Amino acid sequence: MMFKLNKKLLISVSAAAVLSLGLSACMESASPEKSSIQIKKDIDGGVSDTLANDKIGPYYVNTNAHKVDVKYGRAPTKAEYDAWNTDVMPDGTGLPKGQGTADEGSDIYDAKCTMCHGDFGSGGGGYPALSKGNAYDLHKTLTNQRLKPDEDGPVRVFGSYWPQVTTLWSYIKDAMPHPDTGTLTDDQVYSLVAFILNANEIKIKGVEVDDDYVLNRKRLLEIVMPNRHGFEPNIDGPNGPDNVRKFYANPKNFGGQTYDVKNPASRCMTNCQKPTAKVVYIQNGGINDFHPPLSNVKDLPKKKASHGFDAKKAYTTNCAMCHATDGMGAPVMGDKAAWAVYTAKGMDKVYANGIKGTNAGMPPKGGSDLSDTNFKSVVDYIISKSK
Amino acid sequence: MDIKKSQQDLQSTANDVERTSIDRRDFFRKTAALSVTALAGTSLLASEQAGNPAILKPTPWGTIWGDPVTKNIYGMPSKYEHNVTRRYTKLLASGNFRASIAVTPLQDSSGIITPNGLFFSRCHGGVAQIDPNEHRLMITGLVEKPLVLTMKQLKRYPSVTRTHFIECPANGGQEWRGPQYNSLQFAKGFMSCAEWTGVYIKDILKDLGVKKEALWMLAEGGDSSKMSRTVPMEKVLDDAMIVWGQNGEALRPEQGYPIRLLVPGWEGNLCVKWLRRLDFASEPWYCKEETSKYTVLKPTGKAIQHFYANEVNSTVTSPSPEINWTDLKDGDLVEIEGLAWSGMGTITGVDLSFDGGKNYVEAKLKGLVLPKCWTRWSYMHTYKEGQELLLTSRAMDDAGDIQPTIDQEELVVGVEAVYHRNAVETWKVEKDGKITHVQLRSQYERKPNGEIMIEGKA
């Protein structure tokens, strides 16, 4: 019986395929740029082999192995199911109850997020910005194209670009804070979402999410993001998969080019570039920050310098991301006053905080895998530069 | 025995023998001609007394015992190969290299298989080190019978082995405005190819009773980033696999040990690593990176989402910025070699241009040509000293796709797309045989309606 359901589904999928193919074929013959291509396309615009004579394309298949219902495993218990069933969907499925304000979010943000995402979500340390200002204004930048170096590009942050606010909720709940995920309560997540909505100046039913606005499940689901309809193909609803198929059936939608598979000799072999195309070289050296540096030399690896551990290098690799610049929440190397606060409590305390990590956002050993001894010498290095 | 058939077989065997002997005769005739030359003149170098110590002197490895077989019981590359590694750039590093990428040295790759230690590695929360005994796969949502499997149980399902590339859709994504990397490894190495072993998801689902409303599948990782993506049901019921084997051994942690999703031909990030859960629903999830990243913003302001397949693509691997021609002499015959791949089907041909994609000649495919897999191609070229060339390759697949020029692609998707760049790529052979990464492209402007156009054209 189960298998029947599957079969039905398979049939409905292929029926949809035929229907959409018919449509796209009509569209193509109506188009002046005719195409003689008549291939059955998959949902991604590609083609794939089907089973024939015990083979799928070039691969032999033991068809007996795939005909039978193989059964292993067991059903999850209710507790197991609940523990992992944490996904959140745009209609609110899976979104738990809870509440919080931007004000509360601000405190959590300063403690757990600023060191990577910068003040008010301005970004830094290689981590994405969470806001660049008013989302409704910035949404208008999405048609920008930085064709010349001095032009402004599109701003693709949460407020201006993401179509669903539930994505932000589950992002924070699942995957933040980055070194220590799954540690925030639902209320904390609501507070952080409120804080980020506030930074993006998002309105809920015309009301701005100010510092004291209480965000809860109901209100969160009322949010319509400025770029809600900024994506193609439309994947929502029962026609979602068919819309996807139609979209990719036409390479013109994504900048693709076609040739006639049945007559490949007709493809362009001469004068295939626009006459305006010129040779463009790498500008200003391009990107050549390669690690390790490129080399195709075949020799014995150089012996590692034996003069011991390089604290400066370890600092650059593991700590500089947060401790080198202002605005990351972490005390900046060289800031005497900032470090004096910590060293006043004694170096043992400074070492211990560094090794174990702190609630203020310091990950254990800065996320490095340094030994305690080496880590302490990095701390010594930072302190020596901050006296 | 079917006598007629066996006679035919004999006939064809005879033909084969004859053909072989002709080939052989031909070969010997040529060799004989060379021998005459060798005897008449001399093919030996004049200074016979001297010679290279590499040949004349006994070597330590040729005279002394090598290592016992008990050493390195998991084998290691020769230590002389220590420069053959994945590489990374800080430009693409985030979070102390926990949301980062290290890319494959295509310049050192041969054939169509990437060794496991060199397979490109991209993660969103670091490389998880999972205990397989404690790892479970759970299947839930719109199924009659939800399921939990241990890794041992999962491997009881009938296995399937397929060779497919996996490519990050950001491969080449730094070069929409112009070339940036004078390096094959960084310009094209956000991809690798391997032989994967696992199970078709459809084989597991057969007994679970998938409800007809199920249009989408969520794949979720068990790592700290819980990377997740929405996959349409059609792919799930076609060739989507859960894989545990990579080139004949277990997946490496960097590729999702103990198990990952494999959706052949599709964006690498859809092949969710450290897989722990599949969930079925009637609507898509809008997962974490599904729209915030991995979407292609067009000049219209609309962005392409659920852009699954990596389109037809190719590159010249030799020569390349890493493998130059500075040692070649005038008249040397040299093989130009490259890779072609398509997530939409099987490679049907590759063309090669010496003038940056204006005019093309056909190159030859070589080796195995498999669907959604790296394909090697080759062209024999006579090197002319001091001659500048613009080497551009262009691949096509059996879905009817052919690589666009940069202008063709960008006039549609603009320069802010980030992902899914598959326009033709060009290496310039300089007069001295060095290789430089260049692009052939027009300058663009925008019409008042926002459309991108070639500069100076109305």
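Before I start, one cut-off to keep in mind: I call a residue buried if 20 or more other C-beta atoms lie within 10 Å of its own. I also remind myself that this is a predicted model.

Entry on phi. Most residues other than glycine have a negative phi. I went looking for exceptions in chain B and noted B:Trp274, with a positive phi near 50°. B:Trp274 sits in the loop between strand 11 and strand 12 (275-281) of chain B.

Next I checked B:Tyr286. This residue is not a glycine either, yet its phi is positive, about 55°. I found B:Tyr286 in the loop between strand 12 and helix 8 (288-292) of chain B. B:Tyr286 has 23 C-beta neighbours inside 10 Å, so I put it down as buried.

Entry on peptide bonds. Most peptide bonds are trans. Which form does the bond from B:Tyr257 to B:Pro258 take? I looked, and it is cis, with omega near 5°. B:Pro258 belongs to the loop between strand 10 (249-250) and strand 11 (260-262) of chain B.

I then moved on to B:Ser318 and B:Pro319. The peptide bond from B:Ser318 to B:Pro319 is cis too, and its omega is near 10°.

Conventions
Residues numbered from 1 in each chain as written. Chains lettered and ligands numbered in written order. Predicted model: local features only at pLDDT ≥ 70, side-chain atom pairs only at ≥ 80, totals over all residues. Helix = DSSP H or I, 4+ residues; strand = E, 2+ residues; numbered from the N terminus. Buried ≥ 20, exposed ≤ 12 C-beta atoms within 10 Å, placed from the backbone.
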